[in-house]
Amino acid sequence: MGHRVLAHYVAGEFRSGGAAFPLVDPVTGKVAGEAPEATRELVDEAVRAGRAALDAGWGAAPAEERAAALRRIADGIEARSEEFTAAEAADTGKPRELAATVDVPRAIGNFRAYADLLYGRPERAYTTSVPGWSGGTGQALNYTVRRPLGVVAVISPWNLPLLLLTWKVAPALAAGNAVVAKPSEEAPTTATLLAEVVDAAGLPAGAFNLVHGHGPGAAGEFLTGHPGVDAIAFTGESATGAAIMRNAADHVTPVSFELGGKNPALVFADADLDAAVEGTVRSSFTHSGQICLCTERVYVERPVFAEFAERLAGRAAALAGYGPMISAAHRDKVLSYYRLAVEEGATVLAGGGVPAFGDARDGGFHVEPTVLTGLPGTARAVREEVFGPVCHLAPFDAEDEAVRLANDSPYGLAATVWTRDLSRAHRVAPRIEAGIVWVNCWNLRDLRTPFGGVKASGIGREGGEYSLDFFSEPVNVCIQI
Ligand code: NAD
């Protein structure tokens, strides 16, 4: 990818100019492009463009029409998938293969999944009818229709930029809303490509708008505090979610939040240990630990603790070809947790520092995949989200204890249970305070299932009809008969 110069997309037009900020290649630390910083006026224009698209009939268009538009967007991404892959790898530093096998196909899948949900079975998503009881005042027919919310703000993070943006944009458009999206300032290139695809797909001007910029005191805050925004769908850190909620409170704007995690894995002695080790390598180190679902706490039943620890540490130490942290600031944060863990008394079983490559990557933001052990449950390194390639191992002796340890966290996003005992799996999974529990697997996703977190990990659920529920308002119509 050459030097990238990005543009906003507002009211069906690409807009540039104004203050800009640099895009930094995380692999080398060098500047690789620039993106414009949206002013409050531009954000306001984008919200008004969304409203104008709704007034012109976008939200009331037949479901088939919107489904067809979503399919054209999916086809448009697919036709340019090489470009999307290169852009995602350039922005985030993730291996191209990861972008080509996860981020880009999932973005395409997000649009197709919601087109499928709309087209062919609109009755399930949009109407129920209940003739009969009406509180003693006579017979009535009640039916419920779903209306779009209006103009929705979509704010997304840098770790899976295209996947997480489209995960919200697709259902928002499917439900008939107009969207104003603000991608992360750290990884905005694929969002701009998406705007090009939407433009070519012929959506009405203003149905999808894209503004670039930072969060606090900038585009993110202008958007989430805007009185013309009817809902906010946000993925990012829990502290940012709290700030957005405060900002949205003045206008009582509804929110859907996918936030941080400190996800546990429970490895029982009866587990297939090969699968548990390989699964934990994936769940802790994929995308260098920069996925909200990644495992950072591993609890292992004592009879297999030593073997599991030795094997996982061996695999972590031998990992090659992994990508960097997103930025110098995030690299410094992750390294500060590596140091803190040692100060708190951790034993480092693998990694713990910065790798040396002897090439241009030494200017980038890599840290070593790291396995720790020996910390008490009160240690900050065990309680706080690091969002890097690191996990902490601790032993347990009983099933109840394992559940208690898993739940001993302010977060509750995802958990993984490794066991061959079917009854145990069914007993343990529902007791874990998390929105998603995987048994003998990790990050196996069916887009129709509910996705989200409990406690500090989020508000609401996304996925399939859960997203359509958030992005629409049920309106009950009651007719006396
Ligand atoms: P972040 O919270 O720093 O930023 C996310 C987005 O919010 C960015 O677009 C940013 O510009 C914007 N933003 C920041 N402050 C804002 C404000 N005051 N008002 C409005 N917008 C604001 O998160 P990040 O560093 O980009 O992403 C990493 C975090 O996201 C981790 O905590 C991770 O666990 C979480 N995450 C959660 C999920 C999930 O599905 N639960 C998925 C991916 C990432």
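Author: pLDDT is the predictor's confidence in each residue, on a scale from 0 to 100. This is a predicted model, in which local features need pLDDT of at least 70 and side-chain atom pairs count only at pLDDT 80 or more, while totals for chains, interfaces and linings use all residues. Residues are numbered from 1 along each chain as its sequence is written. Over residues 121-126 pLDDT stays under 50, and for this stretch the model has eight contacts beyond four places in sequence; two residues are in contact if their C-beta atoms, placed from the backbone, lie within 7 Å. The protein chain has a mean pLDDT of 95, with 96% of its residues at 70 or more. The scores of the model are ipTM 0.97 and pTM 0.96.

The ligand is surrounded by 31 residues, of which the closest are Pro157, Gly215, Gly220, Gly236 and Cys292. A residue counts as near a molecule if its C-beta atom, placed from the backbone, lies within 6 Å of it. Helices (H or I, at least four residues) and strands (E, at least two) are DSSP runs, numbered from the N terminus. By class, the shell around the ligand holds eleven nonpolar, 14 polar and six charged residues. Here Ala, Val, Leu, Ile, Met, Phe, Trp, Tyr, Cys and Pro count as nonpolar, Asp, Glu, Lys and Arg as charged, and the others, Gly among them, as polar.

Both domains take part: the shell draws at least three residues from each of domain 1 (4-259 + 457-480) and domain 2 (263-446). These bounds come from an automatic or database domain assignment. The C-alpha centres of domain 1 and domain 2 are 31 Å apart. Their contact takes 17 residues from domain 1 and 19 residues from domain 2. On the domain 1 side, the residues that touch domain 2 are seven nonpolar, seven polar and three charged.

Next, the sheets. Two strands pair if DSSP finds at least two bridges between them. An open sheet of seven strands has the order β15-β16-β17-β14-β13-β19-β20, with mixed pairing. Its edge strands, β15 (347-350) and β20 (436-439), each pair on one side only. Neighbouring strands of this sheet are turned by 25° against each other on average, direction ignored. Axes are lines fitted to C-alpha atoms, for helices over the stretch in contact, and angles run from 0 to 180 degrees between N-to-C directions. Strand β19 (residues 414-418) runs parallel to β20, joined by four bridges, and Ala415 stands opposite Val437 in β20. Helix α11 (residues 302-318) lies across β13 (263-267), β14 (295-301), β15, β16 (370-373) and β17 (390-396), at about 145° to β14.

Another open sheet has three strands in the order β1-β5-β4, again with mixed pairing. Two bridges link β1 in the parallel sense to strand β5 (residues 31-36): Arg4 stands opposite Gly33, and Val5 has Glu34 as its bridge partner. β4 and β5 run antiparallel and are joined by five bridges, with Phe21 partnered by Ala35 in β5. The hairpin of β4 and β5 has six residues between the strands, and in this hairpin Gly29 takes a positive phi near 80°.
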